[in-house]
Structures are given as structure tokens and as C-alpha cells.
Amino acid sequence: MVKYFILLVAIIILANVIPFQRKELPAQDVKSAATEDIPELKDILESPDQDIRLKAGRKLVERVDVEKALEILEHSTLPHTGEGHLVVHQIGFYAYQKYGVDSMLKCKDYFLYACYHGAIIEAASNQGFEVISRMTDKCKASPVRYFQCVHAAGHSILAIWNYDLPEALKTCDQIYENETEFPEALSSCHNGAFMENLFGVHDWGTGKEQKRDWLSEDPYFPCNAFEERYQKGCWLNQAARIYQMNNGDMVKASELCQQVGNDQYEAWCMDNVARQIHPLTNGDPAKSFELCQQAGSRWYDNCIVVNAGSFYSVGGRDEAIFICQNVPPNLKPECYQRLVGQIISDPIEKNAKQTLCQKLEIPYKNECQSGVSSQN
């Protein structure tokens with residue numbers, strides 16, 4: 001149970017990914033989804049046979065195409081776990097076969113990036129690792145989306161290497177170490193590989209023994225087995241591993257993060273603690289103020305700010321604003337700085353951004369409006 005709970009929240013590590021709270025379809029689409037005959041859903045949602053579920057997912061996307069299939073599954077009861085992830089892989093496989101590298105523009109962030117993962121795996125199987133860079137480049141129009149795509153590449157690369165973590169990290173290096181426009185891309189790829197090592201969403205339900213040479217009972221492994229260049233990607237996931245090892249004891253996970261003996265590693269680990277706390281709020285931003293006490297007094301403020309960002313990243317924009325409105329005055333600049341940055345980089349219409357800016361307190365409202373107005 002703890003493993004699947006962490007799996008649902010893990011990708012929040014990048015603060016812009018997994019749709020923990022499902023977004024509602026527009027009214028006309030809700031009616032369509034509710035009334036349209038979708039024969040494949042019975043097998044996808046009810047069959048105990050994984051092969052049947054996968055074949056039904058493939059039939060669905062072949063019938064309705066990529067974007068509509070993703071919306072149907074996102075708004076169904078398909079679980080956001082390894083089971084759902086692998087079904088949505090089928091959409092990614094089909095997307096690449098039909099659209100090639102442009103498949104990345106058809107995918108969405110649903111089900112732990114499963115469509116992106118499937119498209120990348122299919123492409124690499126067809127053309128080798130060199131195609132991955134061209135595919136993720138398609139996402140560069142939005143910095144947020146680009147880091148999501150590169151993170152997805154890290155997951156996929158480890159799966160392709162059959163969970164050989166050192167080889168996957170070296171492949172990330174080969175693909176992204178010369179990326180200059182977005183220098184954090186390399187760390188994002190590392191992050192995806194380390195996360196895949198922890199959760200193994202690609203070998204879920206395969207019927208074979210899971211290969212995990214890079215997990216142990218040492219709470220600081222595998223981070224302590226790799227050189228400095230890989231530490232950020234590892235520690236931004238490690239609290240999830242520590243939390244898992246301690247049966248969901250967040251206080252213990254926080255304590256172990258704070259005992260690592262390196263200030264930077266501790267900061268990354270505690271950032272991950274905050275993101276583990278976020279889904280415990282069950283969508284109620286007011287609970288962040290109580291639950292962040294589990295991070296300890298020294299990291300309480302950071303936890304609150306990270307939770308505001310996490311709410312925004314999964315579609316809880318008003319919830320994020322609520323947190324910044326209710327933090328102590330000394331914390332408002334940091335909270336709103338994060339929030340304004342997310343609004344400005346949000347891939348939504350400019351008028352929607354301006355509407356969000358209007359909800360902020362002065363002077364942050366003015367800063368937000370100025371930033372949005374300066375965009376092309």
C-alpha cells in the first residue's frame with residue numbers, strides 16, 4: 001500500500017507533472033464521455049488479464065486516436081498505478097508509429113507520463129537512443145513541458161536498459177550533457193532514471209522477477225554509490241525510498257534526510273519530503289500547515305512553500321494562492337516568487353494568466369501582471 005501511495009506522488013518531485021487530482025472535462029466533453037459507447041473500456045477496467053487490458057488499450061487508440069484516447073482513460077476509473085501506466089504505454093506506442101517524433105506533441109502528462117514513455121521506448125527500439133534527443137526537443141516550446149519530456153526520457157532509458165542504472169545514467173549524459181539552452185535537462189533525465197529505479201512502473205505486472213540491483217536497506221543508497229554529478233537526481237527521490245522503508249513514517253523520513261551529513265543533499269532530500277507530504281492533504285491546502293510540521297521546525301517554511309508549488313503543478317491554482325495568502329508575512333515573498341514563476345511559465349492562454357495574477361496580493365499582483373505582459 002505504501003509503495004503504490006508513493007508511486008502516485010513520486011513524479012511531483014519535478015513540481016509540474018503527475019495529475020494527482022483529476023481535472024474535469026469541459027461540460028460538453030463530460031456528456032460525450034458519459035454517453036458515448038466505448039466498448040474497449042470493459043476489458044481495460046474489468047479484465048484480470050493484463051494482456052487483454054493492453055490489447056484493449058491499443059484497440060481504443062486505433063479507433064479514436066491519441067488525444068481522445070488519453071482523455072477517455074484519464075476520466076475513467078483506470079488507476080494511476082503501474083497497471084494504468086502500462087495500458088497508456090499502448091497509446092504512446094501507437095502515437096510514435098503514426099506521428100513519429102511529433103508524437104511528443106500529442107501526448108499528455110496523464111498516468112505518470114505513460115504516453116511519453118511509450119513513444120520514447122518505441123522510438124528507441126526503432127532508431128536507437130539518438131532519436132530521444134530529437135523527440136524531447138519537440139517539447140522545447142514550453143520549458144515546463146520540456147523538463148517533463150526529458151524526465152520521461154530518463155524513466156524510459158532505464159526501462160530500455162532493463163534497470164541497469166549506471167548504463168542508463170551514462171546514456172542520459174550522452175544525450176543531454178551538451179544541452180545549453182536548458183542546462184538542468186541532464187539532471188532531469190538522471191531524476192527520471194532514479195525514480196524509475198525506485199518504482200519500476202515499466203516492469204509492473206510482467207510476471208517476471210523484478211530486477212533491482214540498485215536498491216538496498218541502506219537509506220542513503222543508491223545515492224552514496226554514485227559520483228557527484230548524479231547526486232541531485234538521486235536525492236530528489238531518496239525521501240520517497242526512505243519513507244517506503246519506514247512504512248510511511250514521515251517524521252522518521254525527515255529525520256534521516258536531516259542526518260545525511262551534507263547540507264545540499266539534505267536540502268534536496270527535504271524537498272522530496274515536502275512533495276511526499278503534499279498528497280496527504282487530500283486536496284485541502286489548509287492541511288499543509290499542519291502536515292508540514294512532520295518535516296521539523298527547521299524545514300517547516302520550505303515545506304509550506306513547496307506544497308504551494310505542488311498544488312499549482314497538479315492544477316490546484318486557487319489552492320496554491322490560498323497557501324501564499326495565509327503564510328506569515330516573512331514567508332510571503334518566497335511563496336509568491338515561486339507562484340508567480342509558475343503562473344508566467346504555465347502553458348495556458350495569456351488572459352488566463354492575467355486572471356490568476358488578479359487574485360494575488362499587492363505587490364505580487366503587479367509583479368505577476370508585468371511578467372505575463374512581457375511575454376511574446
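Let's start with two helices: helix 12 passes helix 14 in a right-handed crossing. Keep in mind that what you're looking at is a predicted model. The axes of helix 12 (residues 231-245) and helix 14 (residues 263-277) come within 8 Å, crossing at roughly 50 degrees.

Who actually touches whom here? Helix 12 brings residues including Trp235, Leu236 and Ile242, and they meet a set in helix 14 that includes Tyr265, Trp268 and Val273. Sort the residues of this contact by class and you get ten nonpolar, five polar and two charged ones.

Now for the cysteines. The count comes to eight disulfides, and we'll walk through some of them. Cys107 is joined to Cys115, with an S to S distance of 2.1 Å. That link is left-handed, with -60 degrees about the S-S bond, and both Cys107 and Cys115 are buried.

Next up, Cys139 pairs with Cys149, again a disulfide, with sulfur atoms 2.1 Å apart. Its link is left-handed too, at -80 degrees about the S-S bond. Cys139 sits in the loop between helix 8 (130-137) and helix 9 (143-160), while Cys149 is in helix 9, so the pair ties together parts ten residues apart in sequence. Cys139 and Cys149 are both buried.

Finally, look at Cys172 and Cys189, joined by a disulfide (S to S 2.1 Å). This pair links distant parts of the chain: Cys172 is in helix 10 (residues 165-176) and Cys189 in helix 11 (residues 185-199), 17 residues apart. Cys172 counts as buried because its relative accessibility is 0%, and Cys189, at 0%, counts as buried as well.

Note on methods
Residues numbered from 1 in each chain as written. Predicted model: local features only at pLDDT ≥ 70, side-chain atom pairs only at ≥ 80, totals over all residues. Heavy atoms only, no water. Axes fitted to C-alpha atoms, helices over the stretch in contact; angles between N-to-C directions. Helix = DSSP H or I, 4+ residues; strand = E, 2+ residues; numbered from the N terminus. Left-handed = near helix turned anticlockwise from the far one by under 90°. Contact = heavy atoms within 4.5 Å. Nonpolar A, V, L, I, M, F, W, Y, C, P; charged D, E, K, R; others polar. Disulfide = S-S within 2.5 Å. Buried < 20%, exposed > 50% of the residue type's maximum accessible area, 1.4 Å probe, protein only.
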